[in-house]
Amino acid sequence: MTYTCIDIADALPILEDNAAIVDIRDLASYQTSHMTNAISLNNDNVQNFIDNTNQERPIIVCCYHGNSSKGAAEYLASQGFKEVYSLNGGFSQWSAMFPEQCETGQQ
């Protein structure tokens, strides 16, 4: 199993296909702002996510700039998820391009 790095433009049709968005930034950053419907994923809840998420569902991993998400995407792919993506540019680029598709607070 492997993952694919995708640009934001390539993420849009995947998001329309009911992809799960996981945000691996720290909780304070996530609570300040995150992609709409993103799930805050960290060491405390990753196993629960793996156990309770359909492994056929596309997963897009988002971090700050698109670097840390690669390791997390690789890990999720190794756990059996079939379609895993790392978002190039991360949340910083997403929020600059689509501020209307960001929200604040808890998940």
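## Close-up views of a predicted model

**View 1. Isoleucine 50 sits in helix 3, which spans residues 46-52.** Helices here are DSSP runs of H or I with at least four residues, strands are runs of E with at least two, and both are numbered from the N terminus. This is a predicted model, in which local features need pLDDT of at least 70 and side-chain atom pairs count only at pLDDT 80 or more, while totals for chains, interfaces and linings use all residues. Residues are numbered from 1 along each chain as its sequence is written, and side-chain values use heavy atoms, with hydrogens and water left out. Is isoleucine 50 buried or exposed? Isoleucine 50 counts as buried because its relative accessibility is 8%; buried means under 20% relative accessible area, exposed means over 50%, and partly exposed lies in between (1.4 Å probe, protein chains only). Setting aside neighbours within four places in sequence, isoleucine 50 is in contact with Gln55, Tyr75, Leu76, Gln79 and Phe81, where contact means heavy atoms within 4.5 Å. Look also for glycine 80: its C-alpha atom is 8.8 Å from that of isoleucine 50, although the two residues are 30 apart along the chain.

**View 2. Strand 2, residues 20-23, is covered on both faces.** In a regular strand, side chains alternate between the two faces of the sheet. Here Ala20 and Val22 lie on one side, Ile21 and Asp23 on the other, and all are buried. Which strands pair with strand 2? Strand 5 (residues 59-62) pairs with it in the parallel sense over four bridges, and strand 4 (residues 39-40) runs parallel to it, joined by two bridges. Pairing requires that DSSP finds at least two bridges between two strands.

**View 3. Helix 4, residues 68-78, has buried residues Ser69, Ala72, Ala73, Leu76 and Ala77.** Seen down the helix axis, these buried residues fall within an arc of 140°, so they line one face of helix 4; the arc is that of the directions from the axis to the C-beta atoms. Their cover includes strand 1 (3-6), strand 2, helix 3, strand 5 and strand 6. After helix 4 comes glycine 80, with a positive phi near 110°.

**View 4. Serine 86 belongs to strand 6, residues 84-87.** Serine 86 is buried because its relative accessible area is 0%. Its side chain makes a polar contact of 2.7 Å with the side chain of serine 69. A polar contact is a pair of N or O atoms within 3.5 Å; within protein, one must be able to donate a hydrogen and the other to accept it, and residues adjacent in sequence count only if both atoms are side-chain atoms. Beyond four places in sequence, the contacts of serine 86 include Tyr3, Cys5, Val61 and Ala73.

**View 5. Two salt bridges are found in the whole structure.** The term means a side-chain nitrogen of Lys or Arg within 4 Å of a carboxyl oxygen of Asp or Glu. One joins the side chains of arginine 25 and aspartate 23 (2.8 Å, N to O), and both residues are buried. Glutamate 56 and lysine 82 form a salt bridge with their closest N and O atoms 4.0 Å apart. This pair links distant parts of the chain, 26 residues apart: glutamate 56 is in the loop between helix 3 and strand 5, and lysine 82 in the loop between helix 4 and strand 6. Glutamate 56 is exposed at 52% relative accessible area, whereas lysine 82 is partly exposed at 44%.
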